[in-house]
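Reader: I'd like to learn how to read side-chain features in a model like this one. Could you walk me through them?

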Amino acid sequence: MRGLAAALLIAAPALAQPIDGPVVASAPADRAAMERQIDMGAMGHHERTFTYNRIELDYARSDGAGVLNWDAEGWVGGDRDKFWYKVEGERAGRRVEQAEFQALYSRNAYSFFDLQGGIRYDVEPDRRGYAVIGVQGLSPYLLETELHAFIGFKGDVSVRLKQSFDLLMTNRLIVSPSLETDLYLTDARERRVMSGLSRIETGVTVRYEFSRKFAPYVAVIYDRKLGGTARLARVDGDDAGGWSLRTGVRAWF
């Protein structure tokens with residue numbers, strides 16, 4: 001009996017352990033280990049970085065001259081923070097009528113909207129810079145919306161609104177109505193622009209996506225100067241604008 005009792009005493013610690021695996025830690029030890037793992041995971045986590053680029057290039061005829069329009073934009077960043085660039089311009093014949101570049105920091109502030117701020121620099125019709133602040137995102141009814149204020153370093157202030165949306169006729173054929181307008185809060189006579197609504201551009205673009213990254217398109221566009229800006233154009237002997245048919249290509253990557 002004494003030998004059996006001694007054997008049981010010797011075997012008891014081993015019998016208290018699980019048959020397989022290590023010794024199970026106590027609850028406080030488990031919690032501390034889990035907290036360390038969570039901290040290590042948080043320290044090692046980084047928001048993934050993505051890139052996006054889109055370019056549109058189209059051609060039209062106006063007053064017997066060829067008009068080339070370009071519009072490109074892109075960003076690099078994650079879901080919360082991005083760096084945007086935007087480039088657009090127009091060339092009529094051999095003369096560049098308008099060319100601008102924007103560099104913006106974008107911060108997600110709402111489910112489908114980002115706050116943006118940065119700078120804009122115009123090469124044509126004259127060289128000048130602007131501070132930029134605004135919002136960009138998806139408003140109700142799936143409207144792609146951009147609303148930005150431009151505070152010129154030479155004193156002119158304007159607001160630009162852009163809206164568009166896609167109607168899928170098929171998986172590849174897409175119709176996109178769009179609207180763009182500029183509102184000047186001050187006169188910019190050296191640019192032949194007066195305060196008020198100075199310009200409107202609206203129309204419909206029909207594109208066919210041969211792939212998700214390449215699509216030729218045809219667009220019917222109404223682009224016209226308004227108000228005092230239109231009156232100045234007529235005084236200068238220029239056309240205030242009107243309808244045009246554009247053909248072009250859109251690519252993104």
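Author: Let's start with a charge over a ring, meaning NZ of Lys or CZ of Arg within 6 Å of the ring centre and within 35 degrees of the ring normal. Here the charged end of Arg 120 sits over the ring of Tyr 130, 4.3 Å from its centre. Arg 120 also lies over the face of Phe 150, at 4.6 Å from the ring centre. Before we go on: this is a predicted model, where local features need pLDDT of at least 70 and side-chain atom pairs count only at pLDDT 80 or more, while totals for chains, interfaces and linings use all residues. Residues are numbered from 1 along each chain as its sequence is written, and side-chain values use heavy atoms, with hydrogens and water left out.

Reader: What kind of aromatic pair do Tyr 130 and Phe 150 form?

Author: Rings of Phe, Tyr and Trp (its six-membered ring) pair if their centres lie within 6.5 Å; planes under 30 degrees apart are stacked, over 60 edge-to-face, and the rest tilted. The whole structure has 4 aromatic pairs. Tyr 130 and Phe 150 are edge-to-face, at 6.3 Å centre to centre with 75° between the planes. Tyr 130 belongs to strand 6 and Phe 150 to strand 7 (residues 143–152), so the pair ties together parts 20 residues apart in sequence. Strands here are DSSP runs (E, at least two residues), numbered from the N terminus.

Reader: Are Tyr 130 and Phe 150 buried or exposed?

Author: Buried means under 20% relative accessible area, exposed over 50%, and partly exposed in between (1.4 Å probe, protein chains only). Tyr 130 is buried at 1%, and Phe 150 is buried at 2%.

Reader: Which residues make up the largest nonpolar core?

Author: In soluble globular proteins, nonpolar side chains tend to be buried together. A nonpolar core is a set of buried Ala, Val, Leu, Ile, Met, Phe, Trp, Tyr and Cys residues joined through side-chain atoms within 4.5 Å. The largest one here has 6 residues: Trp 75, Trp 84, Leu 104, Tyr 130, Val 132 and Phe 150.

Reader: And how do I read salt bridges?

Author: Side chains of opposite charge can pair when their charged atoms come close. The cut-off is a side-chain nitrogen of Lys or Arg within 4 Å of a carboxyl oxygen of Asp or Glu. A search of the whole structure turns up 25 of them. Take Asp 126: its side chain meets that of Arg 128 at 2.9 Å, N to O, and that of Arg 191 at 2.8 Å, N to O. Arg 191 lies in the loop between strand 10 (173–184) and strand 11, whereas Asp 126 is in the loop between strand 5 (113–124) and strand 6 (128–139), so this pair ties together parts that are 65 residues apart in sequence. Arg 128 and Asp 126 are both buried, and Arg 191 is buried too.

Reader: How many bridges join strand 11 to strand 12?

Author: Two strands pair if DSSP finds at least two bridges between them. Strand 11 (residues 196–208) and strand 12 (residues 214–225) run antiparallel, joined by 9 bridges. A hairpin of 5 residues connects strand 11 to strand 12, and Val 204 stands opposite Val 220 in strand 12. Strand 12 also pairs with strand 13 (residues 241–252), in the antiparallel sense over 11 bridges, with Tyr 222 opposite Trp 243 in strand 13.

Conventions. Helices (H or I, at least four residues) and strands (E, at least two) are DSSP runs, numbered from the N terminus.
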